[in-house]
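Visitor: I have a model open on my screen and would like to learn how to read it. Could you walk me through it, one feature at a time?

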Amino acid sequence: MFVMRQTNFAKWALTLLLLVLTSNFLLYRSPLSSLVIPEDTFWVVAGSLVDFAFVAPLLMLAAFRLSLKHFLALIAGGFVLARFIIPSLYFEPFTALFYIGIGLEALVLFAEIAFLGLLLYHVPAIVRTIRSQPESPLFALLPTAYARIKPNPLITVILSESLIFYYAFCSWKKEAPEGPHLISLHKNSSAIAFYIMLIHAIVIETIGIHWWLHDKSLVLSVVLLILNVYSVVYFLGEIQAMRLNPLKISNGKLYVSLGLSKRMEVPLEAIKAIQWGGAADKETLTFIAQDFVEPEPQVILEFKEPQEAVLFFGRTKQVSRIALTVDDPAKLKALLEQ
């Protein structure tokens, strides 16, 4: 899971990366390839290998936040990708590099499998710890897991997916919490009705499209079926996560989430200013439940310094302002002003 750097240079690096990959693809796979490639292809292919295995990973490093392991995996992947883009006749003098790339990718894969094994080993302890904490699994899972396992993008994705399935299948007996420090965000909106409508539309579309595609392309129909089933599971989890995780102010912290897609845990002392009403700009992270007509924010919180928000698939983002719309703004105002 790659997190893009929030700089203009990162955008230029991503543009150059696409240009490098496209130009190399067109060089070997376009109708003009026979006219452009010289008879002695050694140095042309060598230049392409430098592009795939060194230039492209360096541009990825400039555009995204990468660990050393991911950077090495990109170098190995560059040799593998080059093998599939460069015709076999031209690539033959460099075949050894392809196998080196395969070997490095295998090492990275084994390392990821080892992380998964370590996660499975710690699952019972992680579950026991979460059950003993007052916070919901939505907020407690990642910190609890990372107290035992070194943070890893693959582990983050798997843990985020486990939250989807937990809320979709294992939380229906739970009642929505209520209390003096809890405020829901969705009851005055049509968010749940909207998700139910999407689920109905996906089910109807799945039946019709899957039946029609089954005779034309079995593989495509199965892929579409899997994606649609996953979408239904996700929306079920989104509904439950929204119901069971109202805004909470407790122990000097603000816990706010909007389903599975975004959540934050912010110390109250980190709040710099509270603005009641107003419009949110593009840099403001909004916690406003889905509605057929998007409401204006009731309150905008500005922080003294950027705070971390957890987004879809466990991605993180630093934000300086958030906008909220809740079902009881008077109660929120009272809690924030205490």
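Predicted model: local features only at pLDDT ≥ 70, side-chain atom pairs only at ≥ 80, totals over all residues.

Visitor: Let's begin with secondary structure: how many helices and strands does the protein chain have?

Guide: The protein chain has 11 helices and 10 strands. Residues are numbered from 1 along each chain as its sequence is written, and side-chain values use heavy atoms, leaving out hydrogens and water.

Visitor: What box do the C-alpha atoms fill, and what share of the residues is buried?

Guide: Along the principal axes, the box is roughly 80 × 50 × 45 Å. Of the 338 residues, 40% count as buried. Buried means under 20% relative accessible area, exposed over 50%, and partly exposed in between, with a 1.4 Å probe and protein chains only.

Visitor: How do I read a nonpolar core?

Guide: In soluble globular proteins, nonpolar side chains tend to be buried together. A core here is a set of buried Ala, Val, Leu, Ile, Met, Phe, Trp, Tyr and Cys residues joined through side-chain atoms within 4.5 Å. The largest one has 57 residues, and among those touching the most other members are Leu-247, Phe-287 and Leu-332. Helix α10 (residues 218-244) gives the most to this core, eight residues. Apart from it lies another core of 17 residues, including Ile-37, Phe-52, Phe-71 and Phe-91.

Visitor: Which residues does Leu-332 touch, leaving out those up to four places away in sequence?

Guide: They are Ile-183, Leu-247, Ile-249, Trp-276, Val-299, Leu-324 and Val-326. Contact means heavy atoms within 4.5 Å.

Visitor: Next, helix packing. At what angle do α8 and α10 pack?

Guide: Axes are lines fitted to C-alpha atoms, for helices over the stretch in contact, and angles run from 0 to 180 degrees between N-to-C directions. Helix α8 (residues 153-169) meets α10 at about 75°, with the axes 7 Å apart. That makes α8 roughly perpendicular to α10, a label for angles of 65 to 115 degrees; under 35 is roughly parallel, over 145 roughly antiparallel, and the rest oblique. On the α8 side the contact includes Glu-161, Ile-164 and Phe-165, and on the α10 side Tyr-230, Val-233 and Tyr-234.

Visitor: Is helix α7 mostly covered or mostly open?

Guide: Mostly covered: eight of the 10 residues of α7 (137-146) are buried. Among them are Pro-137, Phe-139 and Thr-144. The cover includes α6 (95-131), α8, β5, β6 (262-267) and β9.

Visitor: What about backbone angles? Where does Asn-251 lie?

Guide: Asn-251 lies in the loop between β4 (247-250) and β5 (253-258). Its phi is near 55°, a positive value in a residue other than glycine. Asn-251 counts as exposed because its relative accessibility is 66%. Phe-313 also has a positive phi, about 65°, although it is not a glycine. That residue sits in the loop between β9 (299-311) and β10 (316-324) and, at 31% relative accessibility, counts as partly exposed.

Visitor: Last one: which residues does UniProt list for "transmembrane region"?

Guide: The unreviewed UniProt entry lists several spans, including 12-30 and 42-64. UniProt positions use the numbering here, feature names are shortened, and annotations may be inferred rather than shown by experiment. In the model, residues 12-30 are 95% helix and 0% strand, with end C-alpha atoms 25 Å apart. Residues 42-64 are 96% helix and 4% strand, with end C-alpha atoms 32 Å apart.

Conventions:
Helix = DSSP H or I, 4+ residues; strand = E, 2+ residues; numbered from the N terminus.
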